[in-house]
Amino acid sequence: MSATTAARQTAAASAPKPESNGIRPRWRRWWDARHPRRDSLQLHHGNVYILPTRAGWVFGLTLLVLLLASINFQLNLGYMLTFLLGGSAVVSMHVTHRNLRGLALHLREPQPVHAGESALLDVVLDHQEARSRLALGLRAGDAAHGVADWTWCDLAPQASTTVHLSVAAEQRGRHPLPRIVLHTRYPFGLFHAWSVWRPAAQLLVWPQPEAPPAPLAAAAESPAGSHQARPRPGEEVDGVRDWRRGDPLRLIAWKKSSRTLASTGTLVSRERESRVQRDTWLEWSAAAPLPPEARLSRLTAWVWMLDRTGATYGLRLPGQELPPGSGDLHRLRCLEALAMWQSPR
Amino acid sequence: MALQRPALARSGPTAGAPRRGSGLARDSRDVLFLLAVIAWTVMPHASRLPAWCLAMTAAALIWRGLLAWREGPLPSRPFLVFVLLLACGLTWWSHRTLLGQEAGVTMVVALTALKTLELRARRDAFVVFFLGFFLILTQFLYSQSLLTAVAMLVAVWGLLTALVLANLPVGRPALAQAAAAAARIAALGTPIMIVLFLLFPRLPPLWGQPEGALARTGLSGQMELGQVAEMALDDSIAMRVRFLGGERPRPSQLYFRGPVLSQFDGNIWRQGGDGPWLRQASGPQAPIRVQGRALDYELTLEPSRQKLLPLPEATVDTPEISGSVGTLELRQHELQWQTTQPITERLRVLGQAWLAYSQGPQLAHPALREFVELPAARNPRTLAWAMELRRRPDLAQADADTLSRWLLDHIRNQGFRYTLSPGTYGSDAIDEFWFQRRAGFCEHFAAAYVVLMRALDVPARVVTGYQGGELNPVDGYWVVRNSDAHAWAEYWQAGRGWVRVDPTSAVAPERIERGSRLRPPAGIVGGTLTVIDPDVGRQLRDIWDAVNNGWNQWVLNYSQGRQLEALRKLGLEGPDWTDVARALVIALTNLSLAAAVWAWWERRRFDPWLQAYARVRAVLERAGIDVPPHRPPLSLARQLRQQCGRAAWPLAEALERLDQMRYGADRAGRPRHPSRGERRRLLLAAHALVRALRARATVRQ
């Protein structure tokens, strides 16, 4: 069972707060110390909070009026009604709290996204009790970044479920995740119990790719002479070689692989079009004269473009150089370098 | 494998989107359920509400139901405001006020029905729920019978179920599931209810209730021909009496004395003022004389909202009353017990009744002239007939006893008939009754008798109250119903004082002797039962009455007196309401403690295996080693061996053993739980590792 939401939250880093001894920062520090960042959360008496909802307060007022009416008209059944409702409300408070208590949450490693997209947080809820937990609401984000809608889910006895929360990623870099709030009002909506979780995992946000991407030719004509001939290691004459980690699926020679799998237990990949490949260098300077962030965007778009063609490419940023390579792993490395280049953090 | 870029956030409905699945959409089903609950709650009010309110409520509920069925749009707000103002206006028109009890009930019903047309947000739903709880309370203003209680318990259950449904945002939860959850919570809340009910201090009304806003059938301070006929159709219970000694009176001896009516204006009989009798307190009020032995009785009086106690004749000594009535006072000249507060709760009365007594002045007194006054212009034939009678030689010098006997003989022999439906009488009702129609019930007979006695110059007065009753063999209580309301007469005889006479017995002795009442035709079920076996019907009724009496005694009768009595039984001396409050606080504290113990026990009830593992994890997490809850012990052991080297070996080995207990291949059948020693060793190993890590960290620094 899973639920999805269109909640958009900002994963932007909160600017480091100036050290201060005011009430608010102190409170903040105390609160954060109470909720250390961690990858999983076990809910217990210490971290589940509960308060009456507004409806709960109004209900209390209703009970008071019912009681006054019972006293004034001397209605013993009125007393019974009032006390039955009062007793049920007290029990419902315990039920609400128990709905969260004993629950365990953990977060799957969030996948990197481009700035301007939404990251999907997969929160896994599980528990061992032989009872179901109903109407659990989750949302990611702080009050500062606008309040998202709750994503609701139910949890069957001794089961686990995954809830997908989406978090808007606005700035490139590696960001701490916004806090996740788990909340329930079940059964009567008179009390709401909640717990706050600050996940320890961080979200990697790549720069936003330029759209539409500038032609790659600009890079090829860069003054540094981007294209170089370079022999590649492990090449074979017949255009196939042993499969290497990172080779795309489409390069696998399936027919040959079926034989080699039987004999040596490995797959074989086709060699690229040319045996001697010209390496492409993606240069920081090639994206001139754009401002830095725009340059990063353009380089990001090029990385994707080259990756799609299966080319071999390297990346040179001021102060950082990634040697030419290809494949998914290489692309991830390049994108991470772009994301983290002189990162605001 | 290619890594998939996460798709853009999937946008979709968050919650509560209507789903066309099994027939009705979920929201529509919930709304229809709520409407049904509201209709059920309003239903008992149907006979009491003004017609327009009933029509408006029905229309609103049905309309809302249709909208839910078709998933149509709700009416606009200006329209609703208009209807609301209309409802207020009509309430004013019906009740001449917007406050007060009946107007209040009308308004609450109309508001609840209208609010359903505005069920948009959760907030609106809550308003409907809370109005619903008020509606339930208003039922108790009219009836607190067992049946009402059961019906309203169902209503509470329905409302709580709807509340649960409103708080289940996902999917299409089954009604039964929500109902079960509501029932479970209410059942768990019941102990709290019982404690509060028993120990919440019972206070007197905080402010005055408008008197007469709620007229109930019962006795009143006046009598107009036709009134008692209405009461005879009211089969509800007025009181229950049990005689404590072995002696049991006959039904014909049971007269429960209500208002004494001595002023007649031609239409209406009224209670006499406090005129000459009170001013001459020392004068003609000879003390009440009693003979023989008194009967001890215990009487449970239903709330009548009147300031009088209809007690068995003759209750002379102040009875012991549990319940609030203000001050109890005996109007000696009328032998009538009055209270300063209307009776709004069930009263338990312990008293003594003398069946043989006499009352009133022995000698003629000018104040007695009040009891021969008649309106001159009314009932001319009766007056003329009486004059003629007085002139008869055999009656010219007759005393009151003789005249009374003569009149009763006349009633017995002249074809008078006892009926509950004599029809209406004109302005000269006594003439019409005495000479033409000769059909009526106790009121007619008593009124005509008193008018004739007065016309014959004998002081006489009408007494109203209850007569007879029915013995319930199941619990030994006499049940007196409102249909036992009766009117009889008293005349004054020199040397004897006031003498009771029951003219009705002259024509319908079975009414008095056996307490058999004229009954309205029974319903289908009752009729069938009576046809099959009259005894079965009677037995069922007796059992039902006994159950109802138990309900009254233990639930509705529960008052401050009972509260204090209970505390006294617990050994408290001279308890007052502060003791009640203290007992309440103690009980609630104990309940909370019980809940705390339960929560603690619930934590302990955890799987010992999981608990042992959780403890190790907690120790490690405090030391900064993050362990996700889903990581099995074996994997944790591997992680520790890698991270911490040799120091982690003892713990890693213990963890591997723990893993083996649950997931090991060699286990036979069921998983094993760690023993107490094993759990201890596990924890010790964890602490040892943490210490080792800390030591290592200090060395590095």
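A polar contact, as used in this note, is a pair of N or O atoms within 3.5 Å; within protein, one must be able to donate a hydrogen and the other to accept it. Please keep in mind while reading that this is a predicted model.

1. The backbone oxygen of B:P312 lies 2.7 Å from a polar atom of the B:T315 side chain. The side chain of B:T315 also makes a polar contact of 2.9 Å with the side chain of B:Y297.

2. Where does B:T315 sit in chain B? You will find B:T315 in the loop between β7 (311-312) and β8 (320-322). B:T315 has a relative accessible area of 2%, so it is buried. Setting aside neighbours within four places in sequence, the contacts of B:T315 are B:Y297, B:L335, B:W337, B:Q352 and B:A353.

3. Chain A contains 7 helices and 19 strands, while chain B contains 24 helices and 18 strands. Of the 345 residues in chain A, 55% are buried; for the 701 residues of chain B, the figure is 49%. Considering contacts with a separation of 6 or more, residues 24 or more positions apart account for 72% in chain A. In chain B, 71% of the contacts between residues at least 6 apart join residues at least 24 apart.

4. Now to a helix pair in chain B: α1 (residues 26-42) and α2 (residues 51-70) have axes that come within 9 Å and cross at roughly 165°. Because angles over 145 degrees count as roughly antiparallel, α1(B) is roughly antiparallel to α2(B). The crossing of α1(B) past α2(B) is left-handed.

5. Which residues bring α1(B) and α2(B) together? From α1(B) come B:S28, B:V31, B:L32, B:L35, B:I38, B:A39 and B:V42, and these meet B:T57, B:L61, B:R64, B:G65, B:A68 and B:W69 of α2(B). By class, the residues of this contact are 9 nonpolar, 3 polar and 1 charged.

6. A second pair in chain B is worth a look: the axes of α10 (residues 380-391) and α13 (residues 429-437) come within 7 Å and cross at roughly 65°. The two helices, α10(B) and α13(B), are therefore roughly perpendicular. Here B:P380, B:R381, B:T382 and B:W385 of α10(B) meet B:I430, B:D431, B:W434, B:F435 and B:Q436 of α13(B). That contact has 5 nonpolar, 2 polar and 2 charged residues.

7. Most residues other than glycine have a negative phi, and most peptide bonds are trans. In chain A, the peptide bond from A:Y186 to A:P187 is cis, with omega near 5°, and A:P187 is in the loop between β11 (180-184) and β12 (191-197). The bond from A:A211 to A:P212 is cis too, with omega near -5°; A:P212 lies in the loop between β13 (202-206) and α4 (217-220) of chain A.

8. Lastly, consider positive phi values. Phi of A:A135 is near 55°, and A:A135 belongs to strand β7 (residues 133-140) of chain A. Is A:A135 buried or exposed? A:A135 is buried, with a relative accessible area of 0%. B:N379 has a positive phi near 50° and is found in the loop between β11 (347-358) and α10 of chain B. At 2% relative accessibility, B:N379 is buried.

How values were computed: Residues are numbered from 1 along each chain as its sequence is written. Chains are lettered from A and ligands numbered from 1 in the order in which they are written. This is a predicted model: local features need pLDDT of at least 70, side-chain atom pairs count only at pLDDT 80 or more; totals for chains, interfaces and linings use all residues. Side-chain values use heavy atoms; hydrogens and water are left out. Helices (H or I, at least four residues) and strands (E, at least two) are DSSP runs, numbered from the N terminus. Buried means under 20% relative accessible area, exposed over 50%, partly exposed in between (1.4 Å probe, protein chains only). Contact means heavy atoms within 4.5 Å. Axes are lines fitted to C-alpha atoms, for helices over the stretch in contact, and angles run from 0 to 180 degrees between N-to-C directions. Angles under 35 degrees count as roughly parallel, over 145 as roughly antiparallel, 65 to 115 as roughly perpendicular and the rest as oblique. A crossing is left-handed if the near helix is turned anticlockwise from the far one by less than a right angle, and right-handed if clockwise. Ala, Val, Leu, Ile, Met, Phe, Trp, Tyr, Cys and Pro count as nonpolar, Asp, Glu, Lys and Arg as charged, and the others, Gly among them, as polar.
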